[in-house]
Amino acid sequence: MLSTNKHAGRHDVAQPTMIGFLHKDIASEVKGIVKKTDATCDIRTITGALKEELIGFRSDPCVVLLQMAASEADEFDVVEDFLNRNPHLSVIIVCDDVPFEQVRRLMRAGALDILPRPLKEDEFLVALEAAFIRVSNAKISGGTARTGKVITFMKACGGVGGTTLAIQAAHALSGTAKRRQKVCLIDFDLQFGNVAMYLDVVDGGELSDLLREPEIIDATLFSSVASSHPSGIDIIAAPQTVWSLDSIQVDQAQKIIEVAAQLYDYVIIDLPDYWTDWSKQIIDNAHAVVLVMQMTVAAVRHARRRLDLLQAEGLGAVPVFVVANRYKKPTVFTTDTIKQDEVEKALGHQIDFALPSNYKVVNEAQTQGIPIAEAEGGRKFAADLSKVAEAISARI
Ligand SMILES: Nc1ncnc2c1ncn2[C@@H]1O[C@H](COP(=O)(O)OP(=O)(O)OP(=O)(O)O)[C@@H](O)[C@H]1O
Ligand SMILES: [Mg+2]
């Protein structure tokens, strides 16, 4: 029998709370069972589409009991989206006759348990107990456990392909339908960010919505600002208007990265050209820096300056991967590209990866707002990009 009294004496554990989104037919049954525990519960009766009931729902970590109709195929999408957006909640789903594939899908998205109708009291109490323990643990740890890998994309100079590669890396790391990884791409290019434009995200939340007091920047706020792109990644777009460089405080950048890493398997960051205290803070928190350059004298010079800057700022311990974008393999007839060994000597760093130029597919993807993998003729180029993203991920 569930009793939260076992936490008696642990004053750090708040009284558990459950919020139920239930149809009238089981609401009173659930209330009756919960009454037998010392949990508090707030039952909201579903009167229309579940999607409407869940819009704008925000809560600190708590147990959520969701009743869904298996006959409404789109309710699986609604619940999956809810789970993805609220990883800090312990969600139990009540549903009749859920197909096995859908059970797996909801469990993968983070559902704690899925209970069939009619509800069995003992099964329900076991699920509730597990959910309350999870909520208590989340509250004790402050929900700050770091999970995601943070990879920052830094361009040697403007226009070398930093944003293009950050988007593709994010998409590649989000995996396949069979093995989905949660990825968020944050456009920190505060003044001239292009992520939303390249992915055709018109009106979603933006970075400026996150620039609040650090205590307020939490999983709930972050999830409400992130836009889900049809490709499977979430994005935080740069502001649509030009913001001054000092609009971000170091502690805000720190908190944004921390919360993102708590929510996602990978946090990909598109950094701006300019150097600020907050970009330093972001790199200090990163698992890797991907320095994107091209094989031109100017780009190599700027790449070298960036590498020196990282050392000078005490960031030498963060692994750096140099990517030569739009790389043209030299032949005996080539006279217009500088040689790789000369570049590496000038950089004092090897070129870790090289990616070819493919204007047609890159342009096609950016015009349609889709990842390169989905653009016509983009499969080979996307596979090259995936290899780079996976190799970096494997080494951090
Ligand atoms: N490998 C590539 N092949 C062909 N075109 C590319 C490639 N990579 C990037 N481009 C093109 O180069 C242009 C600049 O790319 P992108 O915006 O990604 O660069 P950036 O370094 O982020 O620039 P910015 O300084 O504007 O932030 C875009 O038009 C993009 O389509
Ligand atoms: Mg850019």
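Which residue has a side-chain N or O atom 2.5 Å from an oxygen atom of ligand 1? That residue is Tyr 198. The model is predicted, so local features need pLDDT of at least 70 and side-chain atom pairs count only at pLDDT 80 or more, while totals for chains, interfaces and linings use all residues. Residues are numbered from 1 along each chain as its sequence is written, chains are lettered from A and ligands numbered from 1 in the order in which they are written, and side-chain values use heavy atoms, with hydrogens and water left out.

**Ligand 1: contacts**

- Polar contacts here are pairs of N or O atoms within 3.5 Å.
- A polar backbone atom of Gly 161 is 2.9 Å from an oxygen atom of ligand 1, and for a backbone N or O atom of Val 160 the distance to a ligand oxygen is 3.2 Å.
- The protein buries 85% of the 630 Å² that ligand 1 exposes when taken alone (Shrake-Rupley method, 1.4 Å probe).

**Ligand 1: surroundings**

- The shell holds 20 residues, each with a heavy atom within 4 Å of the ligand; the closest are Lys 155, Thr 163, Thr 164, Tyr 198 and Gln 366.
- By class, the shell has six nonpolar, eleven polar and three charged residues, with Asp, Glu, Lys and Arg counted as charged and Gly among the polar.
- At least two shell residues come from each of helix 6 (162–173) and helix 14 (359–368); helices are DSSP runs of H or I with at least four residues, and strands are runs of E with at least two.

**Aromatic pairs**

- There are five aromatic pairs, meaning ring centres within 6.5 Å, with planes under 30 degrees apart called stacked, over 60 edge-to-face and the rest tilted.
- Phe 188 and Trp 278 form a tilted pair, because their ring centres are 5.8 Å apart and their planes lie at 35°.
- Phe 188 is in the loop between strand 7 (183–187) and helix 7 (195–198) and Trp 278 is in helix 11 (residues 277–284), so the pair ties together parts 90 residues apart in sequence.

**Backbone**

- Arg 117 and Pro 118 are joined by a cis peptide bond with omega about -10°; Pro 118 lies in the loop between strand 5 (113–116) and helix 5 (121–141).
- Asp 97, a residue other than glycine, has a positive phi near 50° and belongs to the loop between strand 4 (90–95) and helix 4 (100–108).

How values were computed: Polar contact = N/O pair within 3.5 Å; in protein donor to acceptor, adjacent residues only side chain to side chain. Phe/Tyr/Trp six-rings, centres within 6.5 Å; stacked < 30°, edge-to-face > 60°.
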